[in-house]
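Please look through the sequence and the model below before reading on. The report that follows takes up one topic at a time.

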Amino acid sequence: MFVTIKFLGVLSLKFGSTPIAVEIVPNYESLHTKIKELIGEKDTTRYVVLKNGKPLIDLSDVIRDGDTFFVFFPISGG
Amino acid sequence: MLKGYAGKILRINLSNNNIVIEEPKESFYRKYLGGSCFGVYFALTEIPKNINPLNPENVITFAVGPITGAPISGAARHSVTAKSPQTGGIGTSEAGGYWAPELKKAGFDAIIITGKAPKPVYLWIHNGQAEIRDASHIWGTLTKESEQAIRTELGDKNIRVTQIGPAGENLVKYACISNELAHFNGRTGMGAVMGSKNLKAIAVRGTLPMEYEDPAYIKEFAKTGNEKVRTQVAYQGFKALGTNVNIDELYTLNCIPSKNWQSGIMDGVENILAANWTDSYIKPGTCYACAQSCKRNVHNTDCVDPDYGGPEYETVGMCGTNLGIVDKLDIIKINEVCSKYTMDSISFGGTVGYAMECYEKGLLSKEDTGGLELNFGNAEAVIKLAEMTGRREGFGDLIAEGTKILSEKLGGPALDFAVHVKGKEFPAHMPHNKASLALAYATVAFGSDHVSSNFDGSIASDPIPYQLQGFGLNKAQNPYELNDEKVRLYWQTQRAFSLIDTVSVCCLTFGFWTIYDFSDLVNVINAATGMKTHLFELIEIAERRLIMMKAFNAREGFTSKDDDLPKRLFDEPLKGGVSDGLTVNRADFERTKKLYYEIAGLDLEGNPTKARMLELGLDWIEY
C-alpha cells in the first residue's frame with residue numbers, strides 16, 4: 001500500500017517540505033525500515049513519528065492506505 | 001590541582017575596591033565542579049537572607065567549567081548566578097559566545113562580585129590580574145558602542161566583553177547580560193543585578209596556556225564532533241536551520257504559543273517555518289570552536305545591524321506568534337532592540353503579549369499606553385515599546401516590571417490570564433503538548449525553563465533513543481499525557497541538564513540527541529582534568545546543584561504554592577486546529593508534582609529533606 005511521509009525540522013534540509021509517497025507492507029516494521037532507508041544513516045534511532053498529525057503511540061493502530069506520517073528529529077531546547 | 005581548571009577564583013568588592021585571588025582546594029572543585037553549581041554554592045553561602053536582589057549585598061558569580069576553553073564544540077559557556085530580581089529566588093543563567101574561554105585563559109574559574117561601586121565601573125581582567133576602571137563615559141550607551149570604547153581604551157581588539165546595555169542600567173526586571181553583542185545570559189534578570197552594582201562590563205583577555213591531562217584525546221574528540229556535523233543529516237540540518245526547527249514540529253501539532261497563550265495556532269505561521277528563514281534573512285552563526293553553529297546571523301537586509309545577531313526560536317515564538325506577529329523582518333527588528341538594550345526577549349515578549357490582551361480587552365487604554373495601539377500584530381508598536389522599556393520611559397516603565405507586577409497593578413480579571421511562574425514568563429514551548437514541561441515550568445527553582453529537562457517528543461515513539469534508555473526511559477509515552485512516567489522523564493533528564501549547566505557546556509551539543517552524549521562528557525572531563533570521574537559522581541554533583549537551589553528558595557520563604565502554573569493553562573482550552581481543546585489537567589498536575597517531590601528528595605512544600613541533603617554531602621545547609 002502507499003502512505004505519505006513528510007519530514008519536518010532538521011530532516012527537511014535533506015527532503016524539503018514536499019511529502020513523499022512510499023510503498024510499504026502495512027506494518028510498522030516496514031514503515032520504520034523505509035524511514036531508515038530514506039534517512040540513510042546507520043544511527044537513526046532518534047526520530048519520532050506522528051501519524052496523521054498525532055503522536056504514534058499505539059502500534060496496534062492499523063496502517064491504512066493514504067495515511068500520512070510526519071517524521072522529525074526531536075530536539076530539546078531552543 | 002586538577003588540570004583543565006585555572007585553579008583560581010577572583011573575588012571583588014565594588015564598595016571598597018577590594019580584589020582578592022583565592023585558590024580553593026581540589027576537594028572544592030571535585031564537590032561542586034564549576035559553572036552554575038559554583039554560582040549556586042556562593043549564592044547560598046554568601047547572600048544574606050531576605051535581601052532585596054538589587055541591594056549591594058547581593059552576590060553575583062560568573063563561573064566556567066572544567067573543559068571551558070577547550071577547542072571543542074559546546075565548551076564555550078559560562079554561568080551567571082545571583083538572587084533574581086525577577087523571582088526573588090535563585091537566579092542562574094547560561095551564555096555561549098566567546099567570553100568564557102577568554103576568562104579561563106586569563107587565569108580564573110570564577111569571579112565573585114559583591115557591593116556597589118559609587119559610580120559606574122567596568123572590570124578589566126587579564127592574565128591573572130584584575131582592575132576596576134571608570135565606566136562613566138560609557139554608561140547609557142548601547143552595547144556595540146561600549147564594546148568598541150573598551151577595546152579602544154585598552155588597546156586590544158581581541159578583548160572579550162560581557163556587559164549590560166541600558167535595560168540593565170535601568171534595572172529592567174528581566175535585563176540580561178550580553179557578550180560579543182549577540183550571546184546572552186538571557187533569563188532571571190542578571191543584567192539588573194549588574195546594573196544595581198553600577199557594573200557596566202567585564203572585559204577579559206587571556207593568553208595563559210591551558211593544560212590538559214590528555215591533549216591528544218581532546219584534539220581527537222573535537223574532530224569527532226566536527227565530523228558528525230559535517231556528515232550526518234540531522235546535525236547538518238540543525239546547523240542550517242538552527243533552533244527554528246522547533247517551529248516546524250509545533251506548527252504541525254498546532255502548539256506554537258500564540259497571542260498570549262490563548263491558542264497554539266494562528267494564520268501566517270507558514271511564513272516563519274524554519275526553511276523560510278534560511279531562504280531569506282538568516283544564516284548560521286557560532287560560538288567559540290563550535291562546529292554545530294546553531295546561532296543565527298542576519299544577512300540580506302539593512303534594516304538591522306547584523307552584529308546584534310538574529311532571532312532564534314524563543315524570540316520567534318515569544319516576540320513573534322505570541323504577539324500575533326509573523327513577519328520575519330519585524331521579528332528581526334524586535335530581536336535587535338532586545339539585543340542592543342540587553343533585555344530577555346522571552347520575558348519581554350511574554351509581558352507585551354499579556355499587555356496586548358489587556359489592551360484588546362479594554363483593561364489598558366490608549367492613554368495608559370501613551371498612545372501605543374497595542375493590538376496583536378502591531379509590530380511597529382512593539383518595536384517602539386521595546387526601546388521605551390529598555391529606557392524605562394512612559395508605559396515602558398511598567399512593561400519593565402514584567403507580567404506579574406503588571407497584572408497585580410491591574411488586578412481583577414486581569415490576573416486570570418497572566419502567564420508566568422514565580423514572576424518569570426514562559427518560554428515558547430507549551431505544556432499542553434509537552435506534558436512534562438508542566439512540572440518543569442512549575443518546579444524549576446529559577447522559574448519556568450525549557451532547558452532544564454528533555455522534551456516529551458523524545459520518548460513519543462518506539463524505539464526510544466539509546467541515550468534515554470540509558471537513563472531508564474524505555475517505553476513510548478503519549479507526549480500530551482502527564483503521567484508517572486513523565487515524572488521519571490523530568491527527574492532523570494533534569495539531573496542530566498543540571499550536569500550540563502554545572503560543567504558549563506552547551507545542551508545543543510552535549511545531551512540526548514546531540515553530537516556528544518553523556519559518555520562522551522565523562523570521557524572529555526577526564527581527558528581535560530585527570531580527575532578519573534564517572535557518571536554516577538557527576539550526576540550526584542548535578543543533583544547537589546538542584547538541591548542547593550531549592551534550599552536557597554526555601555530560605556527565602558518559597559513553598560509548594562510557588563510551584564504552580566497559571567490559571568489559563570488549566571482552565572482555558574486552546575482554540576483551533578489539532579490542539580483545540582487542550583489544557584493541562586489540574587488533578588494530574590497536583591498528583592505528579594507530589595510524586596516529583598518524593599523522587600527528588602523534597603518535602604511536601606517542595607523544599608529539600610534533611611535526608612537528601614545528607615546523602616549529597618549538603619548537611620551543612622540550614623534554611
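How are H19(B) and H23(B) oriented to each other, roughly parallel or oblique?

## Basis of the report

This is a predicted model, in which local features need pLDDT of at least 70 and side-chain atom pairs count only at pLDDT 80 or more, while totals for chains, interfaces and linings use all residues. Residues are numbered from 1 along each chain as its sequence is written, chains are lettered from A and ligands numbered from 1 in the order in which they are written, and side-chain values use heavy atoms, with hydrogens and water left out.

## Helices H19 and H23 of chain B

Two packed helices are described by the angle between their axes and the distance between the axes. Helix H19 (residues 484-503) and helix H23 (residues 586-600), both of chain B, pack at an angle of about 40° with their axes 10 Å apart; here helices (H or I, at least four residues) and strands (E, at least two) are DSSP runs numbered from the N terminus, and axes are lines fitted to C-alpha atoms, for helices over the stretch in contact, with angles running from 0 to 180 degrees between N-to-C directions. H19(B) and H23(B) are therefore oblique to each other, since angles under 35 degrees count as roughly parallel, over 145 as roughly antiparallel, 65 to 115 as roughly perpendicular and the rest as oblique.

The crossing of H19(B) and H23(B) is right-handed, where right-handed means that the near helix is turned clockwise from the far one by less than a right angle, and left-handed that it is turned anticlockwise. On the side of H19(B), the residues in contact (heavy atoms within 4.5 Å) are Asp484(B), Val487(B), Tyr490(B), Trp491(B) and Gln494(B), and they meet Arg591(B), Thr592(B), Leu595(B), Tyr596(B), Ile599(B) and Ala600(B) of H23(B). By type, the residues of this contact divide into 7 nonpolar, 2 polar and 2 charged; Ala, Val, Leu, Ile, Met, Phe, Trp, Tyr, Cys and Pro count as nonpolar, Asp, Glu, Lys and Arg as charged, and the others, Gly among them, as polar.

## Ala440 of chain B

Ala440(B) belongs to helix H17 (residues 436-443) of chain B, and with a relative accessibility of 0% it counts as buried (buried means under 20% relative accessible area, exposed over 50%, and partly exposed in between, with a 1.4 Å probe and protein chains only). Leaving aside neighbours within four places in sequence, Ala440(B) is in contact with Asp449(B), Ser453(B) and Tyr490(B).

## Helices H2 and H21 of chain B

The axes of helix H2 (residues 35-46) and helix H21 (residues 535-555) of chain B come within 9 Å and cross at roughly 30°, and these two helices are therefore roughly parallel to each other. Their crossing is left-handed. The contact is made by Ser36(B), Cys37(B), Val40(B), Tyr41(B), Ala43(B) and Leu44(B) of H2(B), together with Ile541(B), Arg545(B), Met548(B), Met549(B), Ala551(B), Phe552(B) and Arg555(B) of H21(B). These residues divide into 10 nonpolar, 1 polar and 2 charged.

## The nonpolar cores

A nonpolar core is a set of buried Ala, Val, Leu, Ile, Met, Phe, Trp, Tyr and Cys residues joined through side-chain atoms within 4.5 Å. The largest such core has 193 residues, of which Ile72(B), Phe348(B) and Leu565(B) touch the most other members, and H21(B) gives the most to this core, with 10 residues. Apart from it lies another core, of 28 residues, which includes Ile12(B), Ala100(B), Leu103(B) and Ile202(B).

## Two loop residues with positive phi

Leu171(B) has a phi near 60°, a positive value in a residue other than glycine, and lies in the loop between helix H5 (166-169) and strand S10 (177-179) of chain B. Its relative accessible area of 27% makes Leu171(B) partly exposed.

Asn254(B) is not a glycine either, yet has a positive phi of about 55°; its place is in the loop between helix H9 (245-252) and helix H10 (274-278) of chain B. At 10% relative accessibility, Asn254(B) counts as buried.

## Chain A

Chain A has 2 helices and 5 strands, which run β-α-β-α-β-β-β from the N terminus on. Of its 78 residues, 53% count as buried.

Ser12(A), in helix H1 (residues 12-15) of chain A, is buried, with a relative accessible area of 12%.
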